[in-house]
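I opened my notebook today to look up a few things in a protein model.

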Amino acid sequence: MHDDFTWGVATSAYQIEGGRFEDGKAPSIWDTFSDIGDLPESGDVACDHYHRYLDDIALMADLGIDAYRMSIAWTRVVDAAGNPNLAGLAFYDRIIDALLAAGIVPWVTLYHWDLPQSIEDEGGWPNRSVVEAFDVYAAIASKHFGARVKNWITINEPWVVSMLGYKDGVFAPGRTSFADALAAAHHQLLAHGRAVGTIRANVPDARVGIALDCRPCRPATPNPDDEAASRYFDGYRNRWFFDPVAGLGYPADMLSAFEARGHLTSTTPEWLKSGDLETISARLDFLGVNYYTSVAVRHGHDEDEATDVPSGPYPPSGYTEMGWQITPDALHEYLVHLHKVYQPNSIVITENGASFGDGPDLTGRVADIRRQDYLEQHTGAVRRAIADGVPVDGYFLWSFMDNLEWTSGYAQRFGVVHVDHDTLVRTPKDSFYWYQEAIGRARTS
Ligand code: FCB
């Protein structure tokens with residue numbers, strides 16, 4: 001790995017901050033969803049990072065990372081009238097200053113799923129006016145933090161936001177229309193493209209990207225039906241987002257497939273306006289990729305979900321506690337694929353990690369050997385991709401600490417720091433020390 005390769009950890013605001021009612025924060029769709037939904041836990045307190053950020057940053061400094069990927073809560077920094085909320089901005093000022101003082105470079109994500117409830121009340125992501133509102137937010141954040149924050153990620157995982165939030169209704173805001181989900185996807189991509197220009201206007205030396213989630217897939221068998229199902233799944237899950245961001249427009253086969261299934265009224269959707277695709281394909285400084293697992297697809301089940309079968313072309317070396325297959329070869333192969341098809345000038349792994357529930361033993365040690373194995377295998381896959389000529393320039397481990405895993409609550413633990421959710425005590429796990437050493441080794445090799 002080259003000398004300026006970035007090693008980091010990632011978190012997001014709702015998953016760690018708590019402080020739900022602090023300093024004028026407005027409600028987000030996740031606050032509402034946790035109030036009305038049947039969720040095991042809410043983010044009202046989360047890891048109480050709102051009050052414990054100095055301790056957390058001290059641990060990050062100990063870990064030896066170059067960079068910390070955090071998100072800003074839109075609802076803390078912009079009030080309902082679209083004006084800056086100074087108290088909310090001051091909270092992130094304190095964090096950013098503490099990171100810089102510790103020699104850690106902040107990478108800021110603007111949108112990690114916590115849409116202001118007031119915007120959802122006006123239609124949310126399916127309503128085009130959200131693009132303007134996001135741009136106002138991007139302008140406020142980039143003007144305020146731009147002298148200190150140079151690395152920006154616009155939107156995190158637009159597939160999850162649209163499909164789990166607006167199609168399946170299992171994530172906030174809990175709506176269930178495929179047509180709305182496609183509009184929500186488009187408006188996120190458009191908001192991303194607009195924000196790229198706004199951030200660059202305010203921060204001339206900014207490096208800007210997006211964090212796209214991917215789910216590499218392969219047909220479970222060479223049967224043509226499985227091949228067709230896999231192609232559809234890849235279009236729905238991956239290409240629908242990667243293609244337009246890279247300037248290829250929406251995939252033609254998917255426009256037809258969505259029309260045939262009744263999710264679009266025509267292959268020229270009403271939400272697609274002239275100039276949108278140019279905006280969406282704004283030049284990026286890096287393509288952020290979140291990778292956890294891959295799937296083998298078998299035809300004949302719910303076609304919009306495809307079906308993940310527990311074997312196939314990438315036999316998993318195991319499963320994480322999310323039930324996700326462990327397939328590091330798929331990460332290597334997908335990075336090579338992204339490089340070949342889209343040729344981004346730089347790729348950054350903006351998330352990668354695993355959920356395993358290990359807690360402290362009687363001596364207080366957290367021996368999370370399975371996470372260590374997962375991380376070793378996946379950083380190895382990244383190294384192999386680099387050796388194959390893929391320009392991967394950074395790796396952010398998800399996650400710095402155990403946190404609120406959305407609708408799974410605190411039961412799914414992704415951290416290299418264990419958090420006792422009763423006492424909020426933090427304990428570095430063995431994987432923390434493994435990562436510390438791995439970063440040190442990479443620097444001297
Ligand atoms: C990703 C999310 C992140 C976290 C991990 C496990 O989809 O971006 O917030 O929940 O999955």
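Which residues in α3 meet which residues in α15? I kept in mind that this is a predicted model. I found L59, D62 and L63 on the α3 side, and they meet F432, Y435, Q436 and I439 of α15. Sorting this contact by class, I got 5 nonpolar, 1 polar and 1 charged residues.

Next I looked up how the two helices lie. Two packed helices are described by the angle between their axes and the distance between the axes. For α3 (residues 49-63) and α15 (residues 430-444), I noted an angle of about 50 degrees and axes 9 Å apart.

Then I turned to the core. The largest nonpolar core has 148 residues, and W125 and W152 have the most contacts inside it. Helix α9 (residues 178-202) gives the largest share of this core, 12 residues.

My next stop was helix α2 (residues 29-36). I wrote down I29, W30, D31, F33 and S34 as buried there. Their cover includes α1 (13-16), β3 (105-111) and α6 (117-120). At the N-terminal end of α2 I found S28 as a cap: one of its side-chain oxygens lies 3.1 Å from the backbone nitrogen of W30.

Last, I looked up D358, in the loop between β9 (347-352) and α14 (369-387). Its side chain joins that of R370 in a polar contact of 3.2 Å. Leaving out residues up to four places away in sequence, D358 touches V366, A367, D368, R370, H418 and K429.

Key: Residues numbered from 1 in each chain as written. Predicted model: local features only at pLDDT ≥ 70, side-chain atom pairs only at ≥ 80, totals over all residues. Heavy atoms only, no water. Core = buried A, V, L, I, M, F, W, Y, C linked by side-chain atoms within 4.5 Å. Buried < 20%, exposed > 50% of the residue type's maximum accessible area, 1.4 Å probe, protein only. Helix = DSSP H or I, 4+ residues; strand = E, 2+ residues; numbered from the N terminus. Axes fitted to C-alpha atoms, helices over the stretch in contact; angles between N-to-C directions. Contact = heavy atoms within 4.5 Å. Nonpolar A, V, L, I, M, F, W, Y, C, P; charged D, E, K, R; others polar. Polar contact = N/O pair within 3.5 Å; in protein donor to acceptor, adjacent residues only side chain to side chain.
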